[in-house]
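Welcome! Please have a look at the sequence and the model before reading on.

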Amino acid sequence: MNNASTPAESTATPPAVSFWQAFSFWLKLGFISFGGPAGQISIMHQELVENRRWISEKRFLHALNYCMVLPGPEAQQLATYIGWLMHRTWGGIVAGALFVLPSLLILIALSWVYIAFGERPLVAGLFYGIKPAVTAIVVQAAHRIGSRALKNHWLWGIAAASFVAIFALNVPFPAIVAIAAVLGYVGGRIAPDKFKAGGGHGSADKTFGPALIDDNTPTPEHARFRWSRLLQVIVVGSLLWLVPMGLLTASLGWDHTLTQMGWFFTKAALLTFGGAYAVLPYVYQGAVGHYGWLSPTQMIDGLALGETTPGPLIMVVAFVGFVGGYVKALFGPDALFLAGAVAASLVTWFTFLPSFLFILAGGPLVESTRNDLKFTAPLTAITAAVVGVILNLALFFGYHVLWPQGFSGHFDWISGLIAVAAAVALFRFKRNVIHVIAACAVVGLILKTLIL
């Protein structure tokens with residue numbers, strides 16, 4: 001079919017989409033959703049709004065604005081929301097699960113290769129180049145979020161205070177989030193102009209022709225708010241958390257690694273305001289500092305793997321779970337892969353369960369308003385605090401990459417040069433993150449095998 005027919009087709013409402021047609025698209029999306037939340041949302045916009053016209057621009061942004069104020073990966077939640085709107089509860093579950101499942105399977109395989117063969121020259125060389133690139137990527141994340149969030153000296157002050165709190169005072173990340181929320185609430189009342197929400201994701205003025213779910217399409221029956229429905233979602237969601245957590249506690253004990261992983265990543269799931277980079281310091285504090293599930297270097301490597309696989313970046317938790325389960329030999333020395341795979345699947349369940357519940361419980365409320373949701377003043381302050389926390393994460397990564405034996409050891413100037421080159425590629429030439437990681441991996445491999 002040629003492009004000459006496009007204008008005529010754009011004036012007609014697209015045909016109804018069956019559940020299995022949607023299933024096919026969500027499965028495809030799970031394998032092509034590279035580029036972090038911005039890239040993933042862009043892919044969905046192009047496919048669902050522009051090309052297929054399953055949903056209008058206005059309804060798409062309406063759903064996205066809701067997902068942006070929730071803790072959790074907004075792109076995965078947006079897929080869940082649209083799937084739910086089109087095909088009820090199972091449509092949302094399928095859309096959200098297929099957004100995550102390919103990434104989980106790929107990360108389990110890559111994590112196994114990493115932990116089992118990481119000392120081999122090939123793998124060691126690749127990661128030698130990747131680690132400095134990850135440091136530059138985290139610096140870029142701090143800059144990107146900061147340039148959008150720090151709009152005045154109040155918010156700069158919150159960012160600076162959060163950096164000092166976590167860097168110098170080792171204040172836990174949840175406490176920083178709570179204090180920032182209180183400051184935002186108070187600041188929003190004292191100086192509301194200073195805590196206004198950022199511009200969001202653009203206006204809904206564009207149109208690409210009639211959509212299946214158009215601006216004025218009535219809210220489907222299943223998406224209308226009912227107290228009985230809300231109660232049902234809350235009860236089922238609570239059971240989906242309580243049953244596995246209860247079984248883990250009863251069979252293994254509260255202090256067992258798998259039980260503690262379930263509890264820890266449940267808390268992490270509720271703290272992901274501002275994206276995956278915001279919760280990484282919390283994951284580091286717990287998984288590396290408190291529980292010892294993996295080393296600082298392994299944490300950096302895990303972030304690199306998360307950056308180069310499809311799906312939300314928060315899927316790095318699967319790597320953390322796999323390495324923790326594997327190293328702790330939870331099922332004995334003869335079942336290391338099984339232990340890692342079970343732990344990775346477990347932490348993925350507890351990390352993403354809240355995201356599904358937020359959409360299935362809150363979606364009908366959002367559909368009943370049809371008004372763009374705004375960022376609250378506490379969320380604005382939390383986002384500002386996140387900038388300081390991410391900067392601390394960048395320093396943490398830089399320290400372990402550039403001084404691998406600590407400050408008493410030598411400075412790895414080659415890693416420093418790779419980090420600078422990666423930063424120039426990201427900031428000056430706006431190169432894609434995956435391309436930068438791939439190039440640095442090749443450089444690391446060449447240096448390790450031919451020179452170092």
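Predicted model: local features only at pLDDT ≥ 70, side-chain atom pairs only at ≥ 80, totals over all residues.

## A cavity inside

About 30 Å³ of space lies in the largest cavity.

Which residues line the largest cavity? They are Gly-72, Pro-73, Ala-269, Thr-272, Ile-314, Thr-351 and Ser-355. Sorted by class, this lining has three nonpolar, four polar and no charged residues.

## The second largest pocket

Next comes an open space. The second largest pocket holds about 520 Å³. It is lined by 19 residues, and those closest to its centre are Ile-93, Leu-240, Trp-349, Leu-353 and Phe-356. By class, the lining of this pocket is made up of 14 nonpolar, four polar and one charged residues.

Which helix gives the most to this lining? The answer is H14, with eight residues. Helix H5 (74-117), helix H9 (227-252) and helix H14 (336-369) each supply at least two residues of the lining.

## Where H7 meets H8

Two packed helices are described by the angle between their axes and the distance between the axes. For helix H7 (residues 153-167) and helix H8 (residues 173-190), the angle is about 160° and the axes are 11 Å apart. An angle over 145 degrees counts as roughly antiparallel, and H7 and H8 are therefore roughly antiparallel to each other. The crossing of H7 past H8 is right-handed.

On the H7 side, the contact involves Trp-154, Ile-158, Ser-162, Ala-165 and Ile-166. Their partners in H8 are Ile-176, Leu-183, Gly-187 and Ile-190. Taken by class, the contact of H7 with H8 has seven nonpolar, two polar and no charged residues. Gly counts as polar in this sorting, so Gly-187 of H8 belongs with the polar residues.

## Where H12 meets H15

The last stop is another helix pair. Helix H12 (residues 296-307) packs against helix H15 (residues 377-402) at an angle of about 110°, and their axes are 10 Å apart. Angles of 65 to 115 degrees count as roughly perpendicular, which makes H12 roughly perpendicular to H15. H12 passes H15 in a left-handed crossing.

Which residues make this contact? H12 brings Pro-296, Ile-300 and Leu-303, while H15 brings Phe-396, Phe-397, His-400 and Val-401. In the contact of H12 with H15, six residues are nonpolar, one is polar and none is charged.

Technical notes. Residues numbered from 1 in each chain as written. Heavy atoms only, no water. Axes fitted to C-alpha atoms, helices over the stretch in contact; angles between N-to-C directions. Helix = DSSP H or I, 4+ residues; strand = E, 2+ residues; numbered from the N terminus. Parallel < 35°, antiparallel > 145°, perpendicular 65-115°, else oblique. Left-handed = near helix turned anticlockwise from the far one by under 90°. Contact = heavy atoms within 4.5 Å. 1 Å grid on protein atoms, 1.4 Å probe; cavity = no way out; pocket = protein on both sides within 12 Å on 5 of 7 lines; lining within 4 Å. Points joined across faces, edges and corners; volume = space filled by probe spheres on them.
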